Amino acid sequence: MFEQAFSDEDVAESDLVTRRGTFRAVAFRADGHEHMALVYGKTKLRENVLVRIHSECMTGDIFAAMRCECGEQLDAALNTIVREGSGILVYLRGHEGRGIGLVSKIRTHVLQDEGLDTLDSATSLGLPVDVRDYSPAARVLKHLRVQSVRLMSNNPDKIAALESHGISVTARVPSLMTPNAHNIAYLTAKRDRLGHDLPQVEEFTTLPHAR
Ligand SMILES: [Zn+2]
């Protein structure tokens, strides 16, 4: 599928100096949301560009919530990109709670605190498990003229989704965060019910401190 380039009015970019270094901030509008690609170093017309496609998670990313690993993955991805000297972090809005929105996500937390997992807490409210759309990420990667990517993700479905939008993924780079007591149930459900590759979950649950 060919993704349209953005019209000039839907994209803007500038340098963005951060604590980690200077990125190119590429803001763009797609599918009713405003997203951001943070570009570090030279990526244009390059192969095997290190890329993280990060789903917005206000509670994890901004407030460092421990019930998911989003904030840690965001930090780790940016650190890895800077350490490697180049890469792109695409930050996708409209992805709260795998697409159900912030209010609904917080509502699922109540059910999770009563023992339901991350999937059942959504479906019991009549909400979908995952309705995230990765086409805005594919579009911006094409706009940035990236030739192929190494994707930082534990989710094989994300690779399939990107490839279905015409992005060549040459490798998957695991993004394994150390579990904690607050997110182990969440990570276990992601591993067992969503097919994420999370070998560190087994390690955590077999350690004596988890019992
Ligand atoms: Zn999260």
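Biologist: Why is R132 called buried?

Modeller: In this predicted model, R132 has 20 other C-beta atoms within 10 Å. A residue is buried if 20 or more other C-beta atoms lie within 10 Å of its own.

Biologist: What makes D130 partly exposed?

Modeller: D130 has 15 C-beta neighbours inside 10 Å. The exposed class takes 12 or fewer, and the buried class takes 20 or more. The count for D130 falls in between, so D130 is partly exposed.

Biologist: Where do D130 and R132 lie?

Modeller: D130 is in the loop between α4 (120-123) and α5 (135-143). R132 is found in the loop between α4 and α5 as well.

Biologist: Which residues does UniProt list for "active site"?

Modeller: The UniProt record, an unreviewed entry, lists D130 and R132. Such annotations may be inferred rather than shown by experiment.

Biologist: Which residues does the "binding site" annotation cover?

Modeller: In the unreviewed UniProt entry, this annotation covers R52, I53, H54, S55, E56, Q73, E96, G97, R98, T118, S153 and K158. R98 is one of the residues that R132 touches.

Biologist: What makes I53 and S55 buried?

Modeller: I53 has 28 other C-beta atoms within 10 Å, and S55 has 25. The cut-off is 20 or more, so both I53 and S55 are buried.

Biologist: Which residues of α5 are buried, and what do they pack against?

Modeller: P136, A137, A138, R139, V140 and L141 are buried in α5. The buried residues of α5 pack against β2 (21-30), β3 (33-40), β4, β5 (87-92), β6 (149-152) and α6 (156-164). Just after α5, R145 takes a positive phi of about 60°.

Biologist: What makes up the largest nonpolar core?

Modeller: That core has 34 residues, and those with the most contacts inside it are A37, V51, I88, V90 and A137. At least two residues of this core come from each of β2, β3, β4, α2 (70-84), β5, α5 and β6. Leaving aside its neighbours within four places in sequence, A37 is in contact with V26, I88, V90, V140 and L144.

Biologist: Why would such residues gather?

Modeller: In soluble globular proteins, nonpolar side chains tend to be buried together.

Biologist: Why is strand β1 (residues 11-18) called hardly covered?

Modeller: The count of buried residues among the 8 residues of β1 is 0.

Biologist: How do you know that β1 and β2 pair?

Modeller: Pairing needs at least two bridges between the strands, and 8 bridges join β1 to β2. The two run antiparallel, and a hairpin joins them through 2 residues. In β2, F23 is the bridge partner of L16.

Biologist: Do β6 and β7 run parallel or antiparallel?

Modeller: β6 and strand β7 (residues 169-173) run parallel, joined by 4 bridges. M152 stands opposite V173 in β7. Together, β6, α6 and β7 make a right-handed β-α-β unit.

Biologist: How many helices and strands does the chain have, and why is it called as compact as a globular protein of that length?

Modeller: The chain has 8 helices and 7 strands. Its radius of gyration is 17 Å, close to the 17 Å that the globule rule gives for 211 residues, so the chain is as compact as a globular protein of that length. The C-alpha atoms fill a box of roughly 50 × 35 × 30 Å, taken along the principal axes.

Biologist: What share of the chain is buried?

Modeller: Buried residues make up 32% of the 211 residues. Among contacts between residues at least 6 apart in sequence, 61% join residues at least 24 apart.

Note on methods. Residues are numbered from 1 along each chain as its sequence is written. This is a predicted model: local features need pLDDT of at least 70, side-chain atom pairs count only at pLDDT 80 or more; totals for chains, interfaces and linings use all residues. Two residues are in contact if their C-beta atoms, placed from the backbone, lie within 7 Å. A crossover is right-handed if, with the strands pointing away from the viewer, the path from the first strand over the helix to the second runs clockwise. The radius of gyration is taken over C-alpha atoms; the globule rule is 2.2 Å times the number of residues to the power 0.38. A nonpolar core is a set of buried Ala, Val, Leu, Ile, Met, Phe, Trp, Tyr and Cys residues joined through C-beta atoms within 7 Å.
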